[in-house]
Amino acid sequence: MILLETKALTRIYGGLTAVDGVDFSLPQGEVHALIGPNGAGKSTFVGMISGRIPASSGEVWFEGRNVTALPAHARIRRGMAYTFQITAVYARLSLADNLALALRSRDRAAALAALDRVGLADRADQMTGDLAYGHQRLLEIAMGVAQKPRLLILDEPTQGLAESEIEGFNALIRELRGQTTILLIEHNMNVVMALADRITVLDMGRILASGTPADIHGNRAVQDAYLGTG
Ligand SMILES: Nc1ncnc2c1ncn2[C@@H]1O[C@H](COP(=O)(O)OP(=O)(O)OP(=O)(O)O)[C@@H](O)[C@H]1O
C-alpha cells in the first residue's frame with residue numbers, strides 16, 4: 001500500500017523554484033532516505049508534506065486522501081509526525097515531562113520506556129535544557145516515536161550526535177522498521193546506506209535518481225552531482 005504520495009509538488013520562493021514538480025511515492029513500512037546537496041529542496045519538500053510550508057502547486061496524498069489543503073495539526077492527527085515541528089522540546093521541563101506532553105499522558109512507565117529506546121531513561125528527571133545538544137535531538141526523536149505515528153519524518157536526526165549516539169539511533173530505526181514508515185533527510189551517508197530501503201536524490205528541486213542504496217551508490221549522475229567520487 002502507498003502511504004504517501006506527492007503529485008507535481010512545487011514550491012516557488014519569489015523567482016526561485018525550490019521544489020519543482022516532484023512526483024514521489026512512499027510504500028507503507030519503508031525506510032526512505034532523502035538526500036541531495038545543500039539547497040536541493042529537501043527541507044522545503046518535507047515541509048510541504050507535513051503542512052508547515054504551503055505548496056505553490058501540486059498535491060500531497062496521505063493514506064489515499066488528498067491532504068494538500070489541510071493545516072499541519074490536522075495532518076498530525078492523521079498520523080504524521082515531523083521531528084522539528086511537533087516535538088520541539090521544552091527546555092525548562094524535565095525529560096519525563098516532555099514525554100508526558102508528547103504522549104498526552106502522565107504514564108511514567110510509558111515515558112521511561114520511550115526514553116529507554118534512545119538511551120535516556122536514566123536522565124528522566126533532569127531539566128531538558130541542561131542536556132547536551134545531541135541528547136536533546138534524541139529526546140525529540142523519542143517524543144516523535146512515542147506518538148506511534150503512521151509516518152515519521154526525521155530532518156537530519158544525526159546532526160550533532162556523537163558516533164556512539166549514531167549507533168543507538170541506527171538501532172532504534174532498525175527496531176521501528178516495518179512498524180512505522182520513515183522518511184529521513186540525512187547527510188551522513190553511512191547512516192543512509194545502513195538504514196534506507198530506498199533512497200531519493202533531490203538536486204535543484206528535482207528528483208535526480210531513486211532506488212536502492214546499491215543503485216544510488218552506482219549511479220553516475222548521483223556521483224557527479226553529490227557524492228563527489230565513486
Ligand atoms: N523561506 C524561504 N525563502 C526564500 N528562499 C528559501 C526559503 N526557504 C528555502 N529557500 C531556498 O530554497 C532552496 C531549497 O532550500 P531547502 O532548505 O529546502 O534545501 P535543503 O535541501 O533542505 O538544504 P540543506 O541541506 O542545506 O538543509 C534554497 O535555494 C533555499 O535558499
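This is a predicted model: local features need pLDDT of at least 70, side-chain atom pairs count only at pLDDT 80 or more; totals for chains, interfaces and linings use all residues.
View 1. Leaving aside residues up to four places away in sequence, Phe169 touches Ile141, Leu154, Pro157, Thr158, Leu161, Leu184, Val191 and Leu195; contact means heavy atoms within 4.5 Å. Residues are numbered from 1 along each chain as its sequence is written, and side-chain values use heavy atoms, with hydrogens and water left out. Local features need pLDDT of at least 70 and side-chain atom pairs count only at pLDDT 80 or more, while totals for chains, interfaces and linings use all residues.

**View 2. The largest nonpolar core.** Here we meet 32 residues, and Leu99, Leu154, Phe169, Ile173 and Ile182 have the most contacts inside this core. Such a core is a set of buried Ala, Val, Leu, Ile, Met, Phe, Trp, Tyr and Cys residues joined through side-chain atoms within 4.5 Å; buried means under 20% relative accessible area, exposed over 50% (1.4 Å probe, protein chains only). Elements supplying at least two residues each include α4 (95–103), α6 (133–146) and β8 (181–185), and α6 gives the most, with seven. Helices (H or I, at least four residues) and strands (E, at least two) are DSSP runs, numbered from the N terminus.

**View 3. The two sides of α7.** The buried residues of α7 are Glu165, Ile166, Phe169, Asn170, Leu172, Ile173 and Leu176. Seen down the helix axis, they fall within an arc of 160° (taken from the directions from the axis to the C-beta atoms), so they line one face of α7. On the other side, Glu163 and Ser164 are exposed. Just after α7, Gly178 takes a positive phi of about 90°.
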